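Please read these points with the model open.

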Amino acid sequence: MGAGRVLALWCPDWPATAAAIDADLPPQHPIAVLHANRVVACSAAARRTGVRRGMRKRQAQATCPEMTVLTADDNRDGRIFEPVVTVVTDLVPVVEVLRPGVLVVPSGNATRYFGGEETVAEKLIDAVAAIGVECQVGVADEVFTAVLAARHGTHVEPGGDAAYLSRRPVADLAVEPSLSDPSRDELVELLRRLGISTIGAFAALSITDVATRFSTDAVVAHRLANAHPARPPAGAPLPVDLVIEHVCDPPIDRVDAAAFLGRRLADELAHRLAAASVACTRLTVEAITERGQRHSRTWRCATPLTPEATADRIRWQLEGWLTGGRPGAEARPDSPIGRLRLEPVEVVRAGSLQYSLSGNGLPENPEVGERARRSLVRVQGLLGGDAVQLPVPSGGRGPGERITMIAFGDERIAERSPDAPWPGRLPRPAPTVLLRAPVRMLDLAGTPVSVTGRGAFSAEPTTIRMEQSGRQRDSWELRWWAGPWPTGFDKRGDGITARAQVLLDDSRALLLSYQEQGWLVEGVYE
């Protein structure tokens with residue numbers, strides 16, 4: 001959306017509102033929308049009786065017997081949201097739809113034209129209310145903050161995003177699905193268990209700690225918590241051949257024909273994006289009628305748009321336009337659609353994406369997983385079968401022994417059973433980094449420290465010295481140590497093996513292994 005202030009418009013309980021409009025129910029009638037036999041949205045009237053999201057159908061109906069229950073329908077939500085987008089576009093031409101029920105606009109030009117951000121907000125609320133829909137508006141510097149502020153009807157002062165977010169509960173990081181990864185709820189629950197209850201407390205964590213201890217989405221959430229853009233500028237130029245422009249022959253005037261064409265164009269766009277090694281996160285869909293009337297919408301998504309997600313957005317937009325969005329609406333095209341245009345507005349390089357992996361070592365998305373499988377097989381053909389390996393949980397006492405690397409394509413069978421008792425194995429937490437780096441452990445006089453036959457240090461250790469480190473610093477004083485713990489005998493049978501843990505003067509903790517009369521760094525706790 002570019003630099004400048006952002007205004008977000010949020011329609012509360014949109015799935016329930018859209019279902020009520022489609023069923024021609026009055027706004028004050030209690031209604032709940034269900035998916036998989038659970039409530040995913042309910043009206044304010046239903047909430048006043050005690051209905052809550054997550055309730056089972058029977059429990060919700062027992063709580064409010066007069067409530068109307070309908071099934072979730074994304075196409076219905078998108079189609080009925082179209083009139084809301086239309087009235088907003090009449091006031092502010094540049095609109096980005098995050099999902100049905102939430103949209104954002106740049107407030108700069110509108111603020112100058114109407115004379116203030118509060119005036120723009122009032123005019124948008126009045127315009128949306130005129131078509132029978134309730135909404136709230138929020139204004140902030142960043143999209144995420146503006147959407148969160150819209151849920152409370154708040155105007156955040158320029159430069160005040162971080163202060164506003166710091167007071168919000170950490171659960172607000174996952175409150176808007178269009179701006180968060182599906183796994184964000186798991187992150188929020190983990191932060192709660194760690195005692196991090198506010199966004200400000202999460203923002204205060206070091207980005208290094210967040211990146212090394214949590215998921216990739218946690219890094220995105222940390223940027224949001226600090227009022228940074230969700231995605232840093234990727235710097236990926238837009239390839240010139242990404243735009244899809246299709247001449248409709250015959251022209252389209254039916255929803256089913258529009259949906260079929262949308263699916264085909266979405267697949268074509270996905271192939272072009274894959275060929276250019278980029279993924280689309282903002283997409284403009286423009287339909288042009290035979291008489292030249294244009295209908296354009298820009299869709300923003302937190303994660304790259306898949307062919308299915310692209311086809312859904314094309315259908316929502318065209319169905320809403322062709323049918324007028326709701327009964328009695330007049331915002332229909334003046335003639336059949338003669339041309340359809342898909343234009344990626346923002347793309348990110350494929351290398352900046354990280355897909356979650358399933359148990360077989362491939363991305364969970366079937367299409368992406370198949371592409372990854374073909375790529376890995378090709379690498380094996382070039383470099384050999386052992387060039388691509390997958391980790392398999394294994395049994396063992398040390399952290400490095402608990403993983404068995406299996407060549408990709410081979411049966412994933414561990415060398416040692418992970419279900420065996422393994423007495424003497426290293427307790428949790430495990431080191432975050434595994435190494436095999438030789439070091440020297442010294443006492444106060446500079447004499448090497450070894451492990452005696454009785455399983456004790458030969459002297460009290462005071463210093464760790466890295467051998468052939470190539471660093472500016474190769475020696476660290478010890479603040480604390482524990483061990484050694486004998487683990488057996490070396491291969492020759494004439495020496496003991498052991499492990500020890502030490503805390504360096506730079507606050508790093510190391511797991512050391514004593515083998516063949518010498519010390520190795522086996523792991524680093526960061």
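1. Helices (H or I, at least four residues) and strands (E, at least two) are DSSP runs, numbered from the N terminus. Asp24 follows helix 1 and has a positive phi, near 60°. The model is predicted, so local features need pLDDT of at least 70 and side-chain atom pairs pLDDT 80 or more, while totals for chains, interfaces and linings use all residues. Residue numbers start from 1 along each chain as its sequence is written, and side-chain values use heavy atoms, without hydrogens or water.

2. Helix 1 spans residues 14-22; its buried residues (under 20% relative accessible area, with a 1.4 Å probe and protein chains only) are Trp14, Ala16, Ala18, Ala19, Ala20 and Ile21. They pack against strand 2 (31-35), strand 3 (38-42), strand 4 (68-71) and helix 4. Contact here means heavy atoms within 4.5 Å.

3. Helix 4 also meets helix 6 (residues 117-129). Their axes come within 9 Å and cross at roughly 140°. Axes are lines fitted to C-alpha atoms over the stretch in contact, and angles run from 0 to 180 degrees between N-to-C directions. The crossing is right-handed: the near helix is turned clockwise from the far one by less than a right angle. Val84, Val87, Val88 and Leu91 of helix 4 touch Lys123, Leu124, Ala127 and Val128 of helix 6. By class, the contact has seven nonpolar residues, no polar and one charged. Ala, Val, Leu, Ile, Met, Phe, Trp, Tyr, Cys and Pro count as nonpolar, Asp, Glu, Lys and Arg as charged, and the others, Gly among them, as polar.

4. How many cavities of 30 Å³ or more does the structure hold? One. A cavity is a set of points on a 1 Å grid over the protein atoms alone where a 1.4 Å probe fits but cannot get out; lining residues have an atom within 4 Å of a point. The largest cavity has about 40 Å³ of space, a volume filled by probe spheres set on points joined across faces, edges and corners. Its lining is Gly78, Phe81, Glu82, Val85, Val97, Arg297, Trp299 and Trp316. Helix 4 gives the largest share, four residues. Five lining residues are nonpolar, one is polar and two are charged.

5. Helix 7 (residues 143-150) is mostly covered, with eight of its eight residues buried.

6. Cys301 sits in the loop between strand 10 and helix 14 (307-323). Its relative accessible area is 13%, so Cys301 is buried. The C-alpha atoms of Cys301 and Arg99 are 8.2 Å apart, though 202 residues separate them along the chain.

Conventions. On a 1 Å grid over the protein atoms alone, a cavity is a set of points where a 1.4 Å probe fits but cannot get out, and a pocket is an open set with protein on both sides within 12 Å along at least five of seven lines; lining residues have an atom within 4 Å of a point. Buried means under 20% relative accessible area, exposed over 50%, partly exposed in between (1.4 Å probe, protein chains only).
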